[in-house]
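Take a walk through this protein model. Keep the sequence beside you as you read.

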Amino acid sequence: MTPVELSRTVLCAVRRAVDEGELRVAVPERAVVTVPGPGGCGDYATNIALQLARPAGEPSLRVAEILRPHLADADGVADVVVTGPGFINISLGDTAPAALVEEILRRGPRYGFVDGRRVLQLHCPHDPRALVVADVLARLLRSQGTLVRTSCEARPQPEWEAVLGVRVDAYGSVEAPAPTDVVVRPVPAPADPLPLGRDAARWALLYPAGHDRPRITDEHLVQRESNPLFRVRYAHARTRAVSRNAADLGFGAEPGDVRHDVTALLADHPRVLAQAAAHRAPDRLARHLVGVADAVLPLLPAVLPRGAEKPSAAHRSRLALAEAAGTVLAGGLSLLGIDAPEHL
């Protein structure tokens, strides 16, 4: 279940409570679901009870308890816990592999994206790593429904724009940032990342956490398994290759209930995007992509029939799962501003 679908589920729970006379409120147009805050639990949390308490004339904790059983009965919801003054924490059940793969292939690179209306300003110092991190944070926040504007203390160097692909909406010093503004200030790189080229340089600057010093070395360019960027791009290229080979053999992908380690990682992708945006941590997405790549690579040798073997339903299901993994890898690399080649 994506955050958008869960938001609709929350609104349906409100509507049922209103229809059954348990609440006397107008059903809102939208319900915000986010990653749980301090003291929360589960996969997602919503403050809908606090939002409805005043118009309902009820304490927010009472509203949350009214909504809890309606949410607990919803498909895809495993548990609902009320914490604090009325925050509703929701744990999702395991997603059926076939439904998950169908959703990923249907939504494509926008799998895990959310609609919203929030506005945020990102400021960063005149530093290449800060600019790259701000660029990716803007992409992540937009994927979660936030309208973002970016600014830098000074105009980026032309070579930063040309090689790293960074752009800002405005530049100049900011004397008094608004309370909702975010200053992006990761530890600067110890050396010039430009000689690595766009893809390797961006990965080198994004893969470590913002408080860690990045390594600007040729290790990001080597074409072997010790290089995480290579593994991610190689896994993506291999998923595309098996799709081409399957087409040559005359069969296509059909989602099925095939169980594999990569399934849980694909199901977790929307939450990773939400957490990376909420915690201003693009490294979480980079590390997630490495996990997806490492999990899908062992699956690929079993996707195609061997020898005189005929394509079966299992082959089609594995192919669909591989294509879903490739979609997640391509979408994640795109959010990082890194190319996902079809051939490698």
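The paragraphs below go from sheets to helices.

This is a predicted model: local features need pLDDT of at least 70, side-chain atom pairs count only at pLDDT 80 or more, and totals for chains, interfaces and linings use all residues. Residues are numbered from 1 along each chain as its sequence is written, and side-chain values use heavy atoms, with hydrogens and water left out.

Begin with the labels. Helices (H or I, at least four residues) and strands (E, at least two) are DSSP runs, numbered from the N terminus. Two strands pair if DSSP finds at least two bridges between them. Strands of a sheet pair through backbone hydrogen bonds, either parallel or antiparallel.

Strand 3 runs antiparallel to strand 4 (residues 87-92), and 6 bridges join them. Here V81 stands opposite N89 in strand 4.

Next come parallel strands. Strand 5 (residues 118-124) pairs with strand 6 in the parallel sense over 7 bridges. L122 has T150 in strand 6 as its bridge partner. Strand 6 also pairs in the parallel sense with strand 7 (residues 170-171), over 2 bridges. There S151 stands opposite A170 in strand 7.

How are these strands linked? Strand 5, helix 5 (residues 128-143) and strand 6 make a right-handed β-α-β unit. Strand 6, helix 6 (residues 158-164) and strand 7 make a right-handed one too. Right-handed means that, with the strands pointing away from the viewer, the path from the first strand over the helix to the second runs clockwise. Strand 6 (residues 146-152) is mostly covered, with 5 of its 7 residues buried. Buried means under 20% relative accessible area (1.4 Å probe, protein chains only).

Turn to a helix pair. Helix 2 (residues 48-56) and helix 3 (residues 60-72) pack at an angle of about 115 degrees, with their axes 8 Å apart. That makes them roughly perpendicular, a term for angles of 65 to 115 degrees. Axes are lines fitted to C-alpha atoms over the stretch in contact, and angles run from 0 to 180 degrees between N-to-C directions. Contact means heavy atoms within 4.5 Å. Residues of helix 2 that meet helix 3 include I48 and L52, and their partners' helix contributes V63 and L67, among others.

Finish at helix 10 (residues 269-278), where 7 of 10 residues are buried. Among them are H269, P270 and V272. Their cover includes helix 1 (3-19) and helix 12 (313-335).

Technical notes: Buried < 20%, exposed > 50% of the residue type's maximum accessible area, 1.4 Å probe, protein only. Parallel < 35°, antiparallel > 145°, perpendicular 65-115°, else oblique.
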